[in-house]
Structure formats: C-alpha cells, structure tokens
Amino acid sequence: MAESVYEQMKKIDTGKEPIDGEAMRKKVRNAKEIATVFTEVVEEKGWWTLFMGAKRHLTIEAWIFLAVELYGYIPRITHVKQLPEEDVGDGFQVAFEASAELVKLDADSNEIVLARGVSSAGTVKDNFISKKGYAILSMAETRALSKT
C-alpha cells in the first residue's frame, strides 16, 4: 500500500516539529465551523449586495463582524485626508483618501498589524456628485477597511 501524503509530510525535515495531523484536522474543522456561522449571520443580516447584477459582495458590516467577533481582531482607520485638487484627477471635484489596518493583540497586549489598506472616494466618477463631503470621506474609510 502506498504511503499516505500525511506519512510523507511527516518525513520532511523542516527543522521543526513533525506535522500533527490531528491538530491540523482540528484547525480545518474549526475553520469550517467559523465559515458556517459567518455565512448564517451574513444571510440573516443581509450583509451582502449584488455587484453587476450577479456576484454577491460582502458589506463592511460583514467584514467587521468577521474580524472582531469571530477572530478578535481590531479594524481601525489610521489616516484620512482630503486630496489636493492637483492630485484628484480628471472628473473629480472632491476626493478623500483613507488608510486602515487590522490589528491583533498578542499575549502581552502588544499590537501586531496583520494587514493595511488604502483607498479613496470622490465626486463625479464615483457617482457622488450630489453627496456632502462627509459622505465621500466615509466611503473612502469604508473602502479602506474593506480592502484591509
């Protein structure tokens, strides 16, 4: 009988402890359970929208729920600025740029940055011509958090 992939992997010398197959299976089962709970909540709350009429895209509420409630991570905006007119580009009258990051705390409460994202939003090309500045700024923040 051929050796299983698990048995083959145990023989690989990585300089680390051998792979514990049961621990790995437990992690995968846990990830599946998290995905199931996440999907149930997203469906119940309606935290998705159709994009281009066909594809489901999660709303920012879904991403924040996943980060905070299911993993204990901290999503946060780190910087927002209004872009100067010369940096805005053709077709925009007002635009904002926002930066965000996703943080977890280690056992000593030190912050570990897991991911960062930067995004922008503006008038005209983003169909925000009639929106107030705070709404455009908020969209830039939402986009940055979503990217993160």
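The protein chain holds five helices and five strands, where helices (H or I, at least four residues) and strands (E, at least two) are DSSP runs, numbered from the N terminus. This is a predicted model, in which local features need pLDDT of at least 70 and side-chain atom pairs pLDDT 80 or more, while totals for chains, interfaces and linings use all residues. Residues are numbered from 1 along each chain as its sequence is written, and side-chain values use heavy atoms, with hydrogens and water left out.

**Chain**

- Read from the N terminus, the order of elements is α-α-β-β-α-β-α-β-β-α.
- Of the 148 residues in the protein chain, 22% are buried, meaning under 20% relative accessible area with a 1.4 Å probe, protein chains only.

**Largest pocket**

- The largest pocket contains about 190 Å³ of space, a pocket being an open set of points on a 1 Å grid over the protein atoms alone, where a 1.4 Å probe fits, with protein on both sides within 12 Å along at least five of seven lines; the volume is the space filled by probe spheres set on the points, which are joined across faces, edges and corners.
- Helix 3 (60-70) and helix 5 (133-147) are the elements that each give two or more residues to the lining, and helix 3 gives the most, with five residues.
- Lining residues, which have an atom within 4 Å of a point, include Trp63, Tyr71, Leu102 and Ser146.
- The lining divides into 10 nonpolar residues (Ala, Val, Leu, Ile, Met, Phe, Trp, Tyr, Cys and Pro), two polar (the others, Gly among them) and no charged (Asp, Glu, Lys and Arg).

Definitions and conventions: Buried means under 20% relative accessible area, exposed over 50%, partly exposed in between (1.4 Å probe, protein chains only).
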